[in-house]
Amino acid sequence: MNILKTCWSVAVCLCMLWILAGTNAVRAQDGAVAGRVTGAEGDSLPGVNVVLLETTYGDATATDGTYRIQAVPAGAYRIQASSIGFATEIRQIEVMADETILVDFVLEPIAIESREIVVTTTRRTADARNIPASVSVLTADDLIVRNVLALDDALQYVPGVQLTGNEVNIRGSSGFSYNTGSRILLLVDGMPMLSPDAERIPFELIPIHQIERIEVLKGPGSALYGGGALGGIIHILTKTYPSKPETFVETYGGAYQPAHHAIWRRQWEASKKPRPLGGIAINHARPLSSNTGLWTSLTYRYDASHLNMNSSRSLQGFSKFTWRTSPDSHVNILAGVNRKTSDTFIYWNGARDALNPGSTNLGSSISSSGTTDNRTQHVSLMPAYTNALSTSILLQAKARLFGIFIQPLDDEKKPKPLSKGTIGFRYGGEVQLDYEPAPGRYIIAGISGDANFTNSSFTGDNAPRSQPEVAAFTQWEEEIGRIKITGGLRFDTYRIRQGETLHKLSPRTSATISIGSSWTARLAYGEGFRAPSVLERFVESSDHLPIVSNPDLKPEISRSYEIGIRGQPLFGGAPLFTIDAALFLSQYREIIEPKFTPEERAFRFTNFTRARIGGGELELRAHILPGRASLHAGYTYLDAQDLETKESLAFRSAHLLKTGATLTVGPIESGADLRLASAPERVDSDFARFIADAELSSPIQVMDVRIGSSWRRIRVTLHVRNALNYHYLSRPALLGAPRHALLQISTRM
């Protein structure tokens, strides 16, 4: 069976990684580096990255500011301590065999975020100032203070990113397509992760509390990671284990306020009362020996929802094991399971009955429902091996397995057989070699392969069960004085069905130019593509809306141009804030979106001939009073046009503004975030053929506020989401969440 072959392939990959790691497993006469990192006033600084430069060794400080780097071979090193909002400090040290050297740091706050932030969406760690693309970063602190519950919650705060329901839209690259065929690629520690059935983003894959940071690359990344990155990349980087055992427990609870309008309350009796939601997360991390450690997380969430028949319960377990096999190599293994039982609200029963799901009469005694009940289970396994073969060569080998099992529930909430739902596996791996032949010159080359197995009741009998792909990629960087030039090329091969294969060559080139000591200009050009998913091509369903297959779908193709500048204006000789401004233009051919076909009275995924999306973006971040007050703001303008019909592309907002601020006074910390989006220039009115009032749209004006305080090891925060109780549509025929309050309590031990 294909499933057995899949499991066997993964087992072989794991064994190979284990054997490779074990070749350097025995070390003797190593030393250690330990110490404490504090602020200028002597306060402990948790979460500071302390690393030995040009090695794979490092640690993050615990809550008391301490760190410890084990099993370091004797010799001379440069040790660096860095954290956002503080000046980076580097020292020269000498490590002696069988001894622990003590190195303490005192970091000075700076007026802006540290210039040493690094991002890895270019397949190589680099200074954020020199990235030849627009990149936004969310840190672990950003996620914690906002009580972010899942990845889609986090993305709400990123400039240029908009969610249409649960579909991610970066700079207008996506519209609304039933959450099928994402144009945005999700990476987890550099490994691509999209669901095998519909190539959608699994938002609940990684526990939020074990995320070190989230990086969002805006623009095509196909030359880096292949077809899924047509519109951009979301990269999750997970934490490593600390130097001492650490336990973090968080619980939250709250409620959606009762329905505001009397006409809605009359239609659904339960909407007259608050609707509860809550959860608990338990996280533990610890070293297991001098060169091994792990973190593990268990999360339970419940949400009764503000909509009828839209409740959910989920239980998630995830763990990361790290084995430092030598000073120059290590193995990471990420593994997780997630189980969710949910009613899912798909579309309303009209604007006057917006809290109840609707139904559609398709004729011939066939009707569809605006809700679905499922039990969904995810499993994931991601081993990775890294080895610094020399001071100029780095080898990385990674494997991945992601499985999904969807079982519909009957009227008694019991799961039906998998044959009535979906089962799918996506598996693959890659090998990458980084080479630095001379200072300022970098060459990256590698190969990757992925395959999937999918069996779904939503596809016809003639649908292929797999869509394997193989790719080779290379990237070259050269620094010439103040100019840095980058070129990349990737060749992908997809087998979309027996006897039919697609090939695509994706080039990418860019340049950055340093202007003075605090400004960098950039120019970038890239091509992208995306092969249609199996579900887009072969879906056959009338469960919710009538959708018919289109096996002849062609791949989407894009060309993208960007010019931008990033820097730090100086006032009185000191930087006050960081600013990033960009103009961009993307040209698309054969873009895929659902279209109504009158002859079949059904929707079908169809290729547009040509489309163009242009615009500009401005992002600003500042620490006005270091450690006390900060603000951020981002504005995006879009002009999205269908070049054939001369109309605006559907479901794209022309104006998007996101801004927020935090203020700390003594033990009290407060903050607010505001999201504004203009109403889409156009919506697809064909949905209104089946769904009442589906042609309606609205702007978004949502403000979230919070206030909290810490006492010893306990932190308590009150969050009020959508504090102004603004009613809006998150996508066609789906009402966004009203005002709801959450009380969050956490402790770190």
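Modeller: T247 sits in strand 18, residues 246-256. Strands here are DSSP runs of E with at least two residues, helices are runs of H or I with at least four, and both are numbered from the N terminus. The side chain of T247 makes a polar contact with the side chain of H284, at 2.7 Å. A polar contact is a pair of N or O atoms within 3.5 Å; within protein, one must be able to donate a hydrogen and the other to accept it, and residues adjacent in sequence count only if both atoms are side-chain atoms. Setting aside neighbours within four places in sequence, T247 touches N283, H284, T747, R748 and M749, where contact means heavy atoms within 4.5 Å.

Before going on, some ground rules. This is a predicted model, so local features need pLDDT of at least 70 and side-chain atom pairs count only at pLDDT 80 or more, while totals for chains, interfaces and linings use all residues. Residues are numbered from 1 along each chain as its sequence is written, and side-chain values use heavy atoms, with hydrogens and water left out.

The mean pLDDT (the predictor's confidence in each residue, from 0 to 100) is 86, and 91% of the residues reach 70 or more. Residues 1-8 fall below 50, with 7 contacts beyond near neighbours in sequence. Residues 10-28 are also below 50, and that stretch has 27 such contacts. Where pLDDT is low, the predicted coordinates should not be read in detail.

Next, S653, in the loop between strand 42 (647-648) and strand 43 (655-665). S653 has a relative accessible area of 4%, so it counts as buried (buried is under 20%, exposed over 50%, partly exposed in between, with a 1.4 Å probe and protein chains only). Its side chain makes a polar contact with the side chain of Q162 at 3.3 Å, and reaches the backbone oxygen of S678 at 2.7 Å. Beyond four places in sequence, the residues touching S653 are Q162, L638, A677, S678, A679 and P680.

G65 is another buried loop residue, at 0% relative accessibility, between strand 3 (58-60) and strand 4 (66-73).

Now for backbone angles. N147 isn't a glycine, yet its phi is positive, near 50°. The loop holding N147 runs between helix 2 (140-145) and helix 3 (151-155), and the residue is buried at 2%. K413, also not a glycine, has a positive phi of about 65°; this one is partly exposed at 42%, in the loop between strand 26 (393-408) and strand 27 (422-438).

Last, the surface. I668, I707, W711, I714, V716, L718, L743 and I745 make up a nonpolar patch with about 690 Å² of accessible area together. Strand 45 (700-711), strand 46 (714-721) and strand 49 (740-748) each give two or more residues, and strand 46 has the largest share, 3 residues. V716 lies in strand 46 and is partly exposed at 35%. Patch residues have over 30% relative accessible area and no salt bridge; like charges are joined within 9 Å, nonpolar side chains (Val, Leu, Ile, Met, Phe, Trp, Tyr) within 5 Å. A salt bridge puts a side-chain nitrogen of Lys or Arg within 4 Å of a carboxyl oxygen of Asp or Glu. Areas are Shrake-Rupley with a 1.4 Å probe, and for residues only the protein chains shown count as cover.
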